[in-house]
Amino acid sequence: MSIWESLFGAFELPFMARALGVMLVLAVVAGVVGVLVNLRSLEFISDGLTHAVFPGLAIGLAVAGTQGLLPGAAVAALAGAVILTWLARAGVTSDASIAIVLTATFSVGVIVVSRSDDYAGQLEALLFGRVLTIPPAEVVPLVVVSLVALAAVVLTLKQQLFRAFDARGSRAAGDRAFVLDLVLNCAVALVVVAAASTVGTLLVLALLIVPGAVSRLVTDRLWMLFPVAAVFAALAAWLGLAVGYGASVGGGVDLPAGATIVAVFVLGYALVLLGAWAAGRVTVGKAR
């Protein structure tokens, strides 16, 4: 199989075109939201929300099959976002609150899945995703969830950036910290919802964290962080799908699509980091 066929011809197949469409929307939205996650140093909270989604996915699958994944995940993720935001405002340390939510919710999810006849198969699907087998009926809901997350961030972007760089100044200007934190956490939760049903709960964090980290290495201009992250995420998603297809069909190597996409994200970050180091933008123990 030629490189051209892997990069472009593969997406003439309906299931590959569907996977590409969903992943492009998801990657762009995750890239934009991920910039704020990076600026606010909320990577650990994002990790907690990925685990908070798991019981919702498990319960939704048990109750309504694959059609219950998205609504189940949405309810669990938004509940997790509210709980984490409230715990932070109540004075519970961030790491402690995240650890509580993470362990409690993940254990509930495993208990629910363990009651299934196909325990191993369902657990694998929830953890590692099903990007190549997304039903056509789920495409629009996944896109809508992603766009709602993007809208929440765009509508509060100036206030979010103000809070990221000067929390005291933001409060003095009249911005409500609790509301801004809740909006951002809910946006992260919605991205996690869409990504968890495609690349899986164990891999979703890369979509949220890597593009923002890449943009910080590429540019120092604040407003350029968002398009850089979005473009990187879209290219990595496309290449990840193409590489997985080319290896599976042309090379006879069965690569999981979700894991392959994440591997391309991480490889892309490593290459950008190497380039930034060679250009003098990054030194050992310090980033400029």
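**Close-up 1. Residue classes in the lining of the largest pocket.** In this predicted model, the lining of the largest pocket divides into 13 nonpolar, 7 polar and 3 charged residues (Ala, Val, Leu, Ile, Met, Phe, Trp, Tyr, Cys and Pro count as nonpolar, Asp, Glu, Lys and Arg as charged, the others, Gly among them, as polar). Of the 23 lining residues, Leu132, Leu255, Pro256, Ala257 and Gly258 lie nearest the pocket centre. A pocket here is an open set of points on a 1 Å grid over the protein atoms alone, where a 1.4 Å probe fits, with protein on both sides within 12 Å along at least five of seven lines; lining residues have an atom within 4 Å of a point. H12 gives the largest share of the lining, 6 residues (helices are DSSP runs of H or I, at least four residues, numbered from the N terminus).

**Close-up 2. Helices H3 and H4 packed together.** The axes of H3 (residues 43-64) and H4 (residues 69-89) come within 7 Å and cross at roughly 145° (axes are lines fitted to C-alpha atoms over the stretch in contact, and angles run from 0 to 180 degrees between N-to-C directions).

**Close-up 3. The salt bridge of aspartate 181 and arginine 40.** The closest N and O atoms of this pair are 2.9 Å apart (a salt bridge is a side-chain nitrogen of Lys or Arg within 4 Å of a carboxyl oxygen of Asp or Glu). Aspartate 181 sits in H10 (residues 177-196) and arginine 40 in the loop between H2 and H3, 141 residues apart.

**Notes.** Residues are numbered from 1 along each chain as its sequence is written, and side-chain values use heavy atoms, with hydrogens and water left out. Local features need pLDDT of at least 70, side-chain atom pairs count only at pLDDT 80 or more, and totals for chains, interfaces and linings use all residues.

Note on methods
Helices (H or I, at least four residues) and strands (E, at least two) are DSSP runs, numbered from the N terminus.
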